[in-house]
Amino acid sequence: MARVLEWVFFLYFASHIPITVLFDSQALLPKELYPQALRDVMANYAHGAKDALMADPPMWFKSFCWCEMTLQFPFFFVAAYAFYQGKCKWIRLPVIIYSTHTATTLIPILTQIFFADFSDSPVPGPATFEERMTLATIYMPYLVIPLLMLFVMVFSDDYKPHLHIKSH
């Protein structure tokens, strides 16, 4: 079971690399840096999913995107490597930090999705319960998988450091 979870975590981090570069970074960087096809994919996604956070990101959301690009993005490579290799105990503390940070950022994002009034938004946001649930489902893996990682890193014997106490 532990190796299955490592593969899930590997796929999570490996898939996050192109998502960050091709899509999430569009919330921050000048549109001219992206081919029209990628801008169209983002616009179609934002319109179809009614994701006002990506279509017209507020400053607080941009701050999360900056954290993703500058702090998390380099870590995605390290974590993908560690979980691909398997049983790398050294990844424990970095994953605890990453998963706690990421799960924490999802609280305001999901709160915005579920409770914000998008009626005055310059871009369409979710209005019905079904639309809100659909959008939340897109963001939910970025809460659930980091929480699962946190649980594994804290409680699994595979990642707990073994203390060697020397007696005199």
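Lys87 counts as partly exposed at 45% relative accessibility, where partly exposed denotes the range between buried (under 20% relative accessible area) and exposed (over 50%), computed with a 1.4 Å probe and protein chains only. The residue lies in the loop between α4 and α5, and its phi is positive, about 55 degrees, although Lys87 is not a glycine. Most residues other than glycine have a negative phi.

The model is predicted: local features need pLDDT of at least 70 and side-chain atom pairs count only at pLDDT 80 or more, while totals for chains, interfaces and linings use all residues. Residues are numbered from 1 along each chain as its sequence is written, and side-chain values use heavy atoms, with hydrogens and water left out.

Lys89 lies in the loop between α4 and α5. Leaving aside neighbours within four places in sequence, Lys89 is in contact (heavy atoms within 4.5 Å) with Asp157, Asp158, Tyr159, Lys160 and His162. Lys89 and Asp158 are 69 residues apart along the chain, and their C-alpha atoms are separated by 7.4 Å.

Tyr81 lies in helix α4. Between Tyr81 and Ile91 there are ten residues in sequence and 9.9 Å in space, C-alpha to C-alpha.

| Residue | Relative accessible area | Class |
|---|---|---|
| Lys50 | 25% | partly exposed |
| Tyr81 | 48% | partly exposed |
| Lys89 | 33% | partly exposed |
| Thr102 | 4% | buried |

**The chain as a whole**

The secondary structure comes to seven helices and zero strands, these being DSSP runs numbered from the N terminus (helices H or I, at least four residues; strands E, at least two). Along the sequence the pattern is α-α-α-α-α-α-α. Taken along the principal axes, the C-alpha atoms fill a box of roughly 70 × 35 × 25 Å.

Of the 168 residues in the chain, 39% are buried. Among contacts between residues at least 6 apart in sequence, 72% join residues at least 24 apart. The chain exposes about 9,900 Å², of which carbon and sulfur atoms supply 70%; accessible areas come from the Shrake-Rupley method with a 1.4 Å probe, and for residues only the protein chains shown count as cover.

There are 11 positive and 13 negative side chains, and the centres of the two sets lie 13 Å apart. Lys and Arg count as positive and Asp and Glu as negative, with His and the chain ends not counted; the place of a charge is taken as NZ of Lys, CZ of Arg, CG of Asp or CD of Glu.

**Helix α2**

Helix α2 spans residues 36–49, and its 14 residues reach 20 Å from the first C-alpha to the last, close to the 20 Å expected at 1.5 Å a residue. That expected span is 1.5 Å times one less than the number of residues. The buried residues in α2 include Leu38, Met42, Ala46 and Ala49. Seen down the axis of α2, the buried residues fall within an arc of 90 degrees, so they line one face of the helix; the arc is that of the directions from the helix axis to the C-beta atoms. An α-helix has 3.6 residues a turn, so residues three or four places apart point the same way.

On the other side of α2, Ala37, Asn44, His47 and Gly48 are exposed. The cover over the buried residues of α2 includes α1 (2–22), α3 (52–55) and α6 (129–139).

In α6, the residues Arg132, Leu135, Ala136 and Tyr139 are buried. Viewed down the axis of α6, its buried residues fall within an arc of 105 degrees, so they line one face of the helix. Glu130 and Thr137 are exposed on the face of α6 turned away from its buried side. Elements covering the buried residues of α6 include α2, α3, α4 (59–85), α5 (92–115) and α7 (141–155).

Thr102 has its place in helix α5. Which residues are in contact with Thr102, leaving aside its neighbours within four places in sequence? They are Tyr12, Gln72, Tyr142 and Pro146.
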